[in-house]
Amino acid sequence: MQFHHHGYVSGDPRILPASGVGVDRPADLPDEMDVLIVGSGPAGMLLAAQMSQFPDVVTRIIEKRDGRLVLGQADGIQPRSVETFQAFGFAERIVAEAYNIGWMNFWGPDPENPGNIIRTSRTEDYGYKISEFPHLIVNQARVLDYFAEAAHDGPGRIVPDYGVEFVGLSVHETGEYPVEVRVRTAAGERTVRAKYVAGCDGARSGVREAIGRKHVGGISAHAWGVMDVLVNTDFPDWRTKCAINAEAGNILHIPREGGYLSRMYIDLGAVADDDNHQVRATPIEEIIRRANAILHPYTLDVKQVAWHSVYEVGHRVTDGFDDALDADRHPRVFLTGDACHTHSAKAGQGMNVSMQDGFNLGWKLGAVLTGRSPQELLETYASERRPVAQQLIDFDKEWSSLMARKPEEISDPQELATFYLGTAEFPSGFMTEYRPSMIVAEASQQELATGFPLGRRFKSAEVVRVCDGNVVHLGHHAKADGRWRVYGFGDRDGSVLNEWAAWIGGEVAKFTPADADLDAVFDVKAVYQQSFEEIDLPDVPDVLQPKTGPLGLTDWEKVYSAVPNAWCRSDIFEERGLSRDGVVIVVRPDQYVAAILPLQARDALASFLDGAFIPAS
């Protein structure tokens, strides 16, 4: 963590100095604002945390609840989400309080006594095999707390406006604040205006209805009960994630944080065509009875039910993720999370995909509203996120159908475990791949960096920091501050890298406001093939030792070595398939690889940047 660049800090360095609208922030919702976020769920709170890094943008978030969420329904945190938490500065703290899924066990009918269940297989969970971050379980309410803290402690000092209900909106063709929004508070209705609105208001989204978008899809004829419970039990795998298939039905069992709480998804069976959602009134006593029947010969003695619900599996994707029904008009209203995609809870994707919606949208809004990028950038939100939502629906349909099968429909008892491991990279959040656009270049140079697929998230690896010889994860230095990362991986003797770094300094200056730090828009880093002892930092180009903050202090943490040593056992060039002749990797603020080029391809890099950025005035 870097701090003191604005002067000595004696308190919590995670609380950044207030600036822009964060100084003397108005307590009441203003009449006009740049961004209005509707809803304080996972997408909305991440979006608020991101917008707090753009303190010159007036952002407000409204929530009809009177205060913070107390009990969240979602709880599965995939490794990609933990990676995102790292960028927002709270991964270590949330990992410490969460339940880490290390294993998943599978249970099925005992062939000698089919009325009983037995363990059929045990498999490692996928988190640490795919990412350095784990697969976690933690209450959604705590995730929102951490994002609320990041929003409040960012320069913009954003806090939710609770007790404000969205009523409706209309979008006008002209005006500085073309979105007119009607809201309701205890004092009555009023109208506010915004440049952009983000609908993060859930499956029954009022924002979605207001812009005329429709959910496409339906509900399957199968119901599940879900409960968070504190129990005494003789079931031996109570503290291990389990998929249980029995003659009496199916259970997905997930231990929760804290060492005692667990969540159970209990199969309630097929739903009749004329049920008319009556199954949703199934009492908790019946859900517990069914859980005991499925677990036989083991039993649950439920001491407390913290939360429970009944749902029918639904798979829906909204027909559009923004209000640009007419291709000739730029979008002004955006949909995120459950407002634009819903599915079953058992794949653990809802909160995770919603947060990535917010991450994708936030930096783009910030870039456009601060004049860094053209308004066309906002059109990439829908084009990038809607295909991801459809992939999620397709995956969840298959996973849900596998989970709901009866024993006689299963020919291979290892099939579910095989599917779970074979598809692990998708639910981990690492299969998202954005197609070429103004912010993702064509993959004509992919062979230069085979371990950094274009359009996918930048997969971190260890390097040695030259200034102090410490081993760090290169990607962990990238914070959710709205900046782009440009990594120069050196040639064999470093000479071409140094020439490139001297040149890129001019490109960086072209897009950086004159009164801002040199690295305010682009965070340029270099990774040499020489050992850290061989590199003298005063000799590297200026862009790799920029002056930062009001005191003009040198940033020493831009230069790294790929040479393994006693503490760093891996070589990032080998680990990520990087060309020994050198390569440039451009990474977006949401951590996705945007361009891969040789060090010598300066015109191509300049052309890419010209397409994504507006020169600073």
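Predicted model: local features only at pLDDT ≥ 70, side-chain atom pairs only at ≥ 80, totals over all residues.
1. Helix α2 (residues 79-88) has 10 of its 10 residues buried, so the helix is largely enclosed by the rest of the structure. Buried here means under 20% relative accessible area, exposed means over 50%, and partly exposed lies in between (1.4 Å probe, protein chains only). Helices (H or I, at least four residues) and strands (E, at least two) are DSSP runs, numbered from the N terminus. The buried residues of α2 include Arg80, Glu83, Phe85 and Phe88. Just after α2, Gly89 takes a positive phi of about 90 degrees.

2. Residues are numbered from 1 along each chain as its sequence is written, and side-chain values use heavy atoms, with hydrogens and water left out.

3. The domain assignment of the protein chain gives domain 1 (20-71 + 139-216 + 316-423), domain 2 (102-135 + 218-314) and domain 3 (446-612). Such bounds come from an automatic or database domain assignment. The centres of domain 1 and domain 2, taken over C-alpha atoms, are separated by 30 Å.

4. An unreviewed UniProt entry annotates residues 432-615 as "domain: Phenol hydroxylase-like C-terminal dimerisation". UniProt positions are given in the numbering used here, feature names are shortened, and annotations may be inferred rather than shown by experiment. In the model, the end C-alpha atoms of residues 432-615 lie 30 Å apart, and the span is 17% helix and 20% strand.

5. Which residues have the most contacts inside the largest nonpolar core? They are Phe147, Trp500 and Phe522, in a core of 108 residues. The largest share of this core, eight residues, comes from helix α8 (residues 350-369). Domain 1 and domain 3 each supply at least three residues to this core. A nonpolar core is a set of buried Ala, Val, Leu, Ile, Met, Phe, Trp, Tyr and Cys residues joined through side-chain atoms within 4.5 Å. Apart from this core lies another, of 27 residues, among them Ala461, Val463, Tyr560 and Val593.

6. Trp500 touches Val486, Gly488, Val524, Val584, Leu599, Arg602 and Leu605, not counting residues up to four places away in sequence. Contact means heavy atoms within 4.5 Å.

7. An open sheet of seven strands has the order β20-β19-β25-β22-β21-β26-β27, with mixed pairing. Its edge strands are β20 (471-473) and β27 (593-597), each of which pairs on one side only. From one strand to the next, the twist averages 30 degrees. Strands of a sheet pair through backbone hydrogen bonds, either parallel or antiparallel. Two strands are counted as paired if DSSP finds at least two bridges between them.

8. Strand β19 (residues 462-465) and strand β25 (residues 559-561) run antiparallel and are joined by two bridges; Arg465 stands opposite Tyr560 in β25. By contrast, β21 and β22 run parallel and are joined by six bridges, with Phe489 opposite Val527 in β22.

9. Axes are lines fitted to C-alpha atoms, for helices over the stretch in contact, and angles run from 0 to 180 degrees between N-to-C directions.

10. Strand β14 (residues 249-255) also has seven of its seven residues buried, so β14 is largely enclosed by the rest of the structure. Five bridges join strand β13 (residues 241-246) to β14, and the two run antiparallel; Ala243 stands opposite Leu252. A hairpin through two residues joins β13 to β14. β14 and strand β15 (residues 262-270) also pair in the antiparallel sense, over five bridges, and Arg263 in β15 is the bridge partner of Ile254. The hairpin of β14 and β15 has six residues between the strands, and there Gly258 takes a positive phi near 100 degrees.
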